[in-house]
Amino acid sequence: MPKWDDYKAEAKSRGALAMELFVVRTKPGSDIDLVKATLPDHLAYQQKMEAAGSLVMAGPVSDETGEMMQAEGMVIYRAATLDAARALADGDPMHANGARTYEIRKWLVNEGSLSFTVSLSSQSVSIG
């Protein structure tokens with residue numbers, strides 16, 4: 001298996017985007033009431049990280065069937081290093097107070113597309 005940085009350089013050399021982001025998979029601990037109580041502080045933190053340009057996307061993840069909400073989530077951070085991304089995850093009140101635990105991984109984004117519409121008269125943007 002190649003080392004991460006070697007693979008990243010190889011991807012970049014063949015013309016791939018090779019944009020490194022960090023994916024956090026977060027799960028609730030045993031105290032769901034603590035998760036619920038921490039939610040307002042967590043959401044405020046997410047808004048702060050979004051405004052700072054560190055939060056790319058975040059939200060809940062269903063179970064395997066796609067039918068049930070199990071309070072698991074995924075957060076994608078933009079950071080210079082894995083340690084910097086880990087500091088962002090550690091700073092989330094959900095993780096800081098033990099309401100949730102997380103795993104973090106580097107993610108090399110090579111391809112894909114995003115679509116959005118900017119409506120000038122209503123000064124709105126929609127993502128689709």
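Visitor: Is Glu72 counted as buried or exposed?

Guide: Burial is read from relative accessible area, where buried means under 20%, exposed over 50%, and partly exposed in between (1.4 Å probe, protein chains only). Glu72 counts as buried, at 17% relative accessibility. This is a predicted model, in which local features need pLDDT of at least 70, side-chain atom pairs count only at pLDDT 80 or more, and totals for chains, interfaces and linings use all residues. Residues are numbered from 1 along each chain as its sequence is written, and side-chain values use heavy atoms, with hydrogens and water left out.

Visitor: Which residue forms a salt bridge with Glu72?

Guide: Side chains of opposite charge can pair when their charged atoms come close. The rule here asks for a side-chain nitrogen of Lys or Arg within 4 Å of a carboxyl oxygen of Asp or Glu. Glu72 pairs with Arg25, the closest N and O atoms being 3.2 Å apart. Glu72 lies in strand β3 (residues 69-77) and Arg25 in strand β1, so the pair ties together parts that are 47 residues apart in sequence; strands (E, at least two residues) and helices (H or I, at least four) are DSSP runs, numbered from the N terminus. Arg25 is partly exposed, with a relative accessible area of 42%.

Visitor: How many salt bridges does the rule give?

Guide: The count comes to 5, including one between Asp83 and Arg86 at 3.3 Å, N to O. Asp83 and Arg86 both lie in helix α3 (residues 82-91), 3 residues apart, about one turn of the helix. Asp83 is exposed, at 56% relative accessible area, whereas Arg86 is partly exposed, at 30%.
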